[in-house]
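Have the model open beside you as you read.

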Amino acid sequence: GFSGFDPAVASGKPAMKGTIGGTLDIDATLSGVSQGVTPESVQATGKITLEPSTIGEVQIDRATIDADYYDSTGDIRTLEVVGRDVNVTASGTLALNETGASNLKVHADTPSLEQVGKLVDQPVTGIAKIDATVTGNKQALHVQGTLIGDGVKYEENGALVVSSDYTATVPGLDVSEATVSATTHATFVSVAGQNINELTAKTDYHRRR
């Protein structure tokens, strides 16, 4: 078990502070340590349970991760985070090698995007939920899902209601090479000082453009 653990102190990075406590039950093997630890050299199975904790300013009531990791593949039996600011569930397989097949289901929702945004230093507010299915492997991970938001605002831009169906592909686990396509519908939108009753957009993103 562990308690009063400060992730900022442990990482040496004071940008994010918090206090976490809970229990760890992990059996791990590291091979070829003298040549450096890589995703391929790690095998582990275990369960992590968090008690009431904080990460940044996000409060977590409880969290559980029950998973195996081997051959660069994560087999997630249970991943659950429950809190005032964020709720996350996930289960399935995430293949980070070149031969496996991912099938990971993820759901996340928050009644306070403001608190979550503080973790990544982004001025966003509102309510949101997101669902995603991850398939593929290291050669190309594919993500498909939906995003729904209410009262979403980023700086001076925002929308009363926004919904988006999206697909994304990340080749070679390189986010800078990611491709994202989305169809988005929003109502009562405010952009650059202009008010728009209804907006529908089809957007593509590739190589940070």
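Predicted model: local features only at pLDDT ≥ 70, side-chain atom pairs only at ≥ 80, totals over all residues.

1. Residues are numbered from 1 along each chain as its sequence is written, and side-chain values use heavy atoms, with hydrogens and water left out.

2. Is Thr-49 buried, exposed or partly exposed? Thr-49 counts as partly exposed because its relative accessibility is 25%; buried means under 20% relative accessible area, exposed over 50%, and partly exposed in between (1.4 Å probe, protein chains only). Thr-49 and Gly-22 are 27 residues apart in sequence, yet their C-alpha atoms are 5.4 Å apart in space. Not counting residues up to four places away in sequence, Thr-49 touches Gly-21, Gly-22, Thr-23, Ala-63 and Thr-64, where contact means heavy atoms within 4.5 Å.

3. Ser-53 belongs to strand β4, residues 53-55. Ser-53 has a relative accessibility of 5%, so it counts as buried. Which atoms does its side chain meet? The side chain of Ser-53 reaches the backbone nitrogen of Gly-21 at 3.2 Å, and one of its polar atoms lies 2.7 Å from the backbone oxygen of Glu-51. A polar contact is a pair of N or O atoms within 3.5 Å; within protein, one must be able to donate a hydrogen and the other to accept it, and residues adjacent in sequence count only if both atoms are side-chain atoms. Leaving out residues up to four places away in sequence, Ser-53 touches residues including Thr-19, Ile-20 and Val-58.

4. Asn-97 is in the loop between β8 (87-95) and β9 (102-110). Why does Asn-97 count as buried? Its relative accessibility is 16%, which means that Asn-97 is classed as buried. The side chain of Asn-97 reaches the backbone oxygen of Asp-71 at 2.8 Å. Beyond residues up to four places away in sequence, Asn-97 also touches Ser-72, Thr-73, Asn-137, Lys-138 and Gln-139.

5. Next, the nonpolar cores. The largest has eight residues in all: Leu-50, Val-58, Ile-60, Ala-63, Val-81, Val-86, Val-88 and Ala-108. A nonpolar core is a set of buried Ala, Val, Leu, Ile, Met, Phe, Trp, Tyr and Cys residues joined through side-chain atoms within 4.5 Å. A second, separate core of six residues includes Ile-76, Leu-104, Val-134 and Leu-141.

6. Two backbone angles deserve a look. Most residues other than glycine have a negative phi. Ala-192, in the loop between β13 (179-191) and β14 (194-206), has a positive phi near 50°. Ala-192 counts as exposed because its relative accessibility is 66%. Arg-207, in the segment after β14, has a positive phi of about 50° although it is not a glycine. At 52% relative accessibility, Arg-207 also counts as exposed.

7. Finally, the whole chain. Its secondary structure comes to two helices and 14 strands, and its C-alpha atoms fill a box of roughly 60 × 40 × 30 Å, taken along the principal axes. Of the 209 residues, 28% are buried.

Definitions and conventions: Helix = DSSP H or I, 4+ residues; strand = E, 2+ residues; numbered from the N terminus.
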